Amino acid sequence: MVTAVRHLGPNWYASVMGTAALALGGGALGANGLRELFVSVWALSLVQLVVLLAARALHWAHHRDQARAHLLDPAVAPFYGCLAMALLAVGGGALALGRDWIGEPAAVTLGSVLFVAGTAVGLAAAVTVPYLMAVRHRVEPGQASPVWLLPLVAPMVSAALGPQLVPHLPSGQPRETLLYGCFALFGLSLLSTLLMLALVFGRLVAGGPLPLALTPTAFLVLGPLGQSTTAVGAFADLAPGVVPAPYAAGFGLLAVLYGVPVMGFALLWLALAAVHVARARRQGMRFTMAWWAFTFPVGTCVTGAAALGRHTRLAAYHWLAAALYAVLVAGWLAAASGTVRGLLSGELLAGPRPAPGAPRPVRVRTTSGAVR
């Protein structure tokens, strides 16, 4: 077991995020008769999180050289944002769905612990990873990848899921402080993501398509778009009675005036990412753990569209959420089946294979071997 986890990188937390997104997205749809199924999916994400946390603890305890290599690898270090988002997604699922299984007191406790832990890890990643990129990784603009967004999106997940805890706090300043704190996390993540997104978009347009194995990561751009739309919808849901009336109404306006155009851009990017993936498949793209990018980012668009449906009262957004959920299910099935096959064959946990004698520049493997 100790040897098996040597090459287990932080990118594996994306599988927890994807499963939790499947549960949260289903819960957001409010489908009658399927809630028990979504609770079961959330329970699966909780089991995944516990198992992966234990495996990663073994990795750090017995393979610190490899763990250090992950931090110093610019292709792997951003995935530490996935740890934060996995904790937050499972915690948010506990509050939204898990209370049906473990009871509300336990769900609030679990959700609170995971929210605090996930927010702390997310803020640490949002500072540490860009710092390492600046002083240790020596990256260049031509190497820009959607993966760079991961540590910056984590605070946005806190912003979107944190408001669920507001009703469980004493009325008055505790509730108001948490809501405004989540709004601050929204701004922190949004502005830093916009700066990084410009690099990513410029890389795609001027530098050519991503390497085949990394093409699914184009879907990661959907994460901050859908999650920010979800967040402003959550602020509008909770603001009445928590913040003064003028600001509560402002949150309601923000949910629509921000969410509608951002969701429009998200749909544009979804189409762009889809055609890139279709091209990569025609050229022989094989399964990697990057396929989990088909899940959580799309799930944020499901919850974002559902939030717009609540606040605009337009049936079109409810139908859009349902259509995006179908895409999410397809992406989850593809990623989960590929992961199970890779685990059974041992390929996903094996060390990096020797590179070919004359590799093309776009096919060079990462230095740590965690992303293959």
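This is a predicted model: local features need pLDDT of at least 70, side-chain atom pairs count only at pLDDT 80 or more; totals for chains, interfaces and linings use all residues.
**Core.** I began with the largest nonpolar core, which has 111 residues, and looked up which of them touch the most other members: these are Trp-42, Met-85, Val-90, Phe-186, Phe-219, Leu-222 and Phe-235. Helix H4, residues 80-102, gives the most to this core, with 12 residues.

**Phe-219.** I then took Phe-219 from that group and listed its contacts, leaving out residues up to four places away in sequence; Phe-219 touches Leu-270, Ala-273, Ala-274, Val-277, Ala-293, Phe-294, Pro-297 and Val-298.

**H6 and H8.** Next I looked at helix H6 (residues 150-161) and helix H8 (residues 222-238), whose axes come within 8 Å and cross at roughly 25°. Because angles under 35 degrees count as roughly parallel, I noted H6 and H8 as roughly parallel to each other, and I recorded their crossing as left-handed. From H6, Val-153, Met-156, Val-157, Ala-159 and Ala-160 meet a set of H8 residues that includes Gly-223, Pro-224, Gln-227, Ala-231 and Phe-235. Sorted by class, this contact of H6 with H8 has 9 nonpolar and 4 polar residues, and no charged ones.

**H1 and H10.** My last entry concerns helix H1 (residues 13-29) and helix H10 (residues 296-312), which pack at an angle of about 15° with their axes 8 Å apart. H1 and H10 are therefore roughly parallel to each other, and their crossing is left-handed. On the H1 side I found Met-17, Gly-18, Ala-21, Leu-24, Gly-25, Ala-28 and Leu-29, which meet Phe-296, Gly-299, Val-302, Thr-303 and Ala-306 in H10.

Conventions: Residues are numbered from 1 along each chain as its sequence is written. Side-chain values use heavy atoms; hydrogens and water are left out. A nonpolar core is a set of buried Ala, Val, Leu, Ile, Met, Phe, Trp, Tyr and Cys residues joined through side-chain atoms within 4.5 Å. Buried means under 20% relative accessible area, exposed over 50%, partly exposed in between (1.4 Å probe, protein chains only). Helices (H or I, at least four residues) and strands (E, at least two) are DSSP runs, numbered from the N terminus. Contact means heavy atoms within 4.5 Å. Axes are lines fitted to C-alpha atoms, for helices over the stretch in contact, and angles run from 0 to 180 degrees between N-to-C directions. Angles under 35 degrees count as roughly parallel, over 145 as roughly antiparallel, 65 to 115 as roughly perpendicular and the rest as oblique. A crossing is left-handed if the near helix is turned anticlockwise from the far one by less than a right angle, and right-handed if clockwise. Ala, Val, Leu, Ile, Met, Phe, Trp, Tyr, Cys and Pro count as nonpolar, Asp, Glu, Lys and Arg as charged, and the others, Gly among them, as polar.
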